[in-house]
Amino acid sequence: MSSVDLLLPLLVAVPMLLSTVPIVLGLRFDRTGWSVAALTTTALVAATTTLASVVYTDGVVTHRLGGWSPAYGIELVLDEFSALIAVLVAVTAAGVLAYTRVGGPRGNTFYSGYLLLTGGLLGISVTGDVFNLFVFLEIVGLATYAMIASGDGPESAVAALKYLILGTVGASMYLIGVGLIFMATGTLNMGVLAEVLPAAVERDPTLVRAGFAFVFVGFSMKVAQWPLHTWQPDAYQHAPDGITPVIAALVSTAYAYAFGRLLYSVFGPEFLTSTPYLTELVVTVGCVSVVAGSALAVIQTDVKRMFAFSSVSQFGLIVAAYGLVTESAFIGATIHLVGHAVIKAGLFAAAGVIAASYDARTVDEYAGLADEHPLVAGMMALLLVSLIGIPPSAGFVGKWYIALGAVEAQLWPVAVVILFSTLLTLAYSARLLEKMYFTPATPLEAPHVSESVATDGGENEDDAETAAGADAANDGDAGTRGGTETAALDATATNRDRNTVSYGMLALVVATALLAISLGFAGGFLAGLLDPSFITEVFN
Amino acid sequence: MIDTALDILASRYAYALLFVLLGTGLYMVIANENLVKKLIGVNLFQSAIFLFFIAMAYVDGRAPIIKGKSHGVGEIASPLPQVIVLTAIVVGIALTAVGLALIIRIYAEYGTLREDTLREVRADE
């Protein structure tokens, strides 16, 4: 087992180095990007699972880059917490490729960015150095901006720029926090920091607290906590359908993981509970995000935008759980991180499949989906049920542990918000379920469209939609319907490629739905992975 | 009171300057309607952070890396923050490049660099 730690730097270096290969090969061959990305991510899945099995049997794996002592150099660490995230990143990155093969953005440069993103995300999971974490945050950020901007419409460039400016300010806030902590302690290594911070807090509490404040604000921005979430809906909505599952499932998850890592492995529970108003502040930000995110999700018409606001609320739950500082809440946050990532990957992939095959992007357009595409609709329903948190599902286990943590911490308002969040999630999920299963497609669509024309006199967009709706109402043939709606979409200048649905795309949706359910049964197992060594080490 | 304020300003002028720069940069990001100037604001914000790292790099002691060769005891510049700033500058340049590329694309699509005009154009669509 002596050389297994060499895999750690390779996890980061291999995808980053190989991200140049699609561009180089692109000079000669046209479509090599997907193959390179598929090979790399498969190798990464193998490497991360190998490392994870070592971590869960033999304990923490560390690697010192260049042999420098941790006081100066960079250390890579894979422990029980980060191994879970690393496996999640590798598996999701490999799985979503099944979607992009046919459905996603094509081109070699896209896959270069994709590998860069994967490398950065793995870097966030394995790094044990707070400044190195900043660099990986920015690498992930850069790759994400490029991925979002690879959408066809001009809107995606605006969304990407908005994310770039806010994301950079967020990461810079984190860097200021790192600077302040470095001033107080003189080290950047997470393990060393955890040892010397208590003394530094005693020497100069203001410095460390100011550092924490900057770190918290920076991550609130990156994790998209209300009111700093404004970049997220635009970014998720305008990113290409093939990449949204990755961004929604992994990018915010990795940021939230990093935040949890800093809170518990660097600052430590003692600092969190002994600093006045700190946990209250973190819990409040989380709870407000839960309520605001859900409320905003309910009023959205675009499905991807609705899921984006849902992410704001689900990450609010995780941040609130971090603030509770109990073992159960921390386990809950970790399980919810993984569960939410799987569910959101599936939901965005399903939304992409539906947009490609059924041409539906708004909630109203989902009417009658269950009759036309029973498989996708069924899987989406399963995923939504998991998101709500109905017992045998991933969403339930996470929420259960978080609620348990809130009760343990005697914070009843938080427990109420967490249980209430289930109701709020139901509010927006039920809208979609009702449309898919209980609203017939044609009878509603025609009166709805004609009504909108009657009220606002009919803009161009409405005219086009009326034409499509009327045509669809006249002939029930799905093929003609797709054709007319394509014309309508071209008229509204969205001008997207019409993609056919491949088995890979369906397989991803089905796999995530089944995984979301089975993770519910594996909840105890997940908690067991974290429980024995990591939790006791953190909390004692 | 004034004496201590002056004293702090004289000994900690770098930190005072840093927060002025930080504020200016953030204000530009929020208030300026021009997208390029917003990006310059982000750059200013980051430069302030680089200054912060450099300003705190003076430490008491001796230079740590060169064994046995260090004569300078007293105030020396710790090399670690400088390495950090070097890395952060590289990251900042990459971000600026991506940002400018996006702005060029936005300009090509909408024909404007101003955010308010952009909002109007997008609302019309």
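**Figure 1. Overall architecture of chain A in the predicted model.** Of the contacts in chain A between residues at least 6 apart in sequence, 80% join residues at least 24 apart, a contact being a pair of residues whose C-beta atoms, placed from the backbone, lie within 7 Å. The model is predicted, so that local features need pLDDT of at least 70 and side-chain atom pairs count only at pLDDT 80 or more, while totals for chains, interfaces and linings use all residues. Residues are numbered from 1 along each chain as its sequence is written, and chains are lettered from A and ligands numbered from 1 in the order in which they are written. Chain A holds 23 helices and 2 strands, taken as DSSP runs (helices H or I, at least four residues; strands E, at least two) and numbered from the N terminus. Of its 540 residues, 61% are buried, that is, have 20 or more other C-beta atoms within 10 Å of their own C-beta, with C-beta atoms placed from the backbone.

**Figure 2. Helix α18(A) and its kink.** Helix α18 of chain A (residues 412-438) has 27 residues and reaches 37 Å from its first C-alpha to its last, close to the 39 Å expected, where the expected span is 1.5 Å times one less than the number of residues. A kink of about 30° is centred on A:Ser429, the bend being the angle between axes fitted to the seven residues ending at a residue and the seven starting there. A:Ser429 is itself among the buried residues of α18(A), which also include A:Tyr428 and A:Leu432. The buried residues of this helix pack against α12, α13, α15, α16 and α17 of chain A.

**Figure 3. Packing of α7(A) on α8(A).** Helices α7 (residues 154-185) and α8 (residues 190-203) of chain A pack at an angle of about 75°, with their axes 9 Å apart; axes are lines fitted to C-alpha atoms over the stretch in contact, and angles run from 0 to 180 degrees between N-to-C directions. The two helices are therefore roughly perpendicular, a term covering 65 to 115 degrees. A:Ile181, A:Ala184 and A:Thr185 of α7(A) meet A:Leu193, A:Val196, A:Leu197 and A:Ala200 of α8(A).

**Figure 4. The loop between α9 and α10 of chain A.** A:Pro227 is found in this loop, and the peptide bond from A:Trp226 to A:Pro227 is cis, with omega near 5°. A:Ala224, in the loop between α9 and α10 as well, has a positive phi near 70° and is buried, with 31 other C-beta atoms within 10 Å.

How values were computed
Buried ≥ 20, exposed ≤ 12 C-beta atoms within 10 Å, placed from the backbone. Contact = placed C-beta atoms within 7 Å. Parallel < 35°, antiparallel > 145°, perpendicular 65-115°, else oblique.
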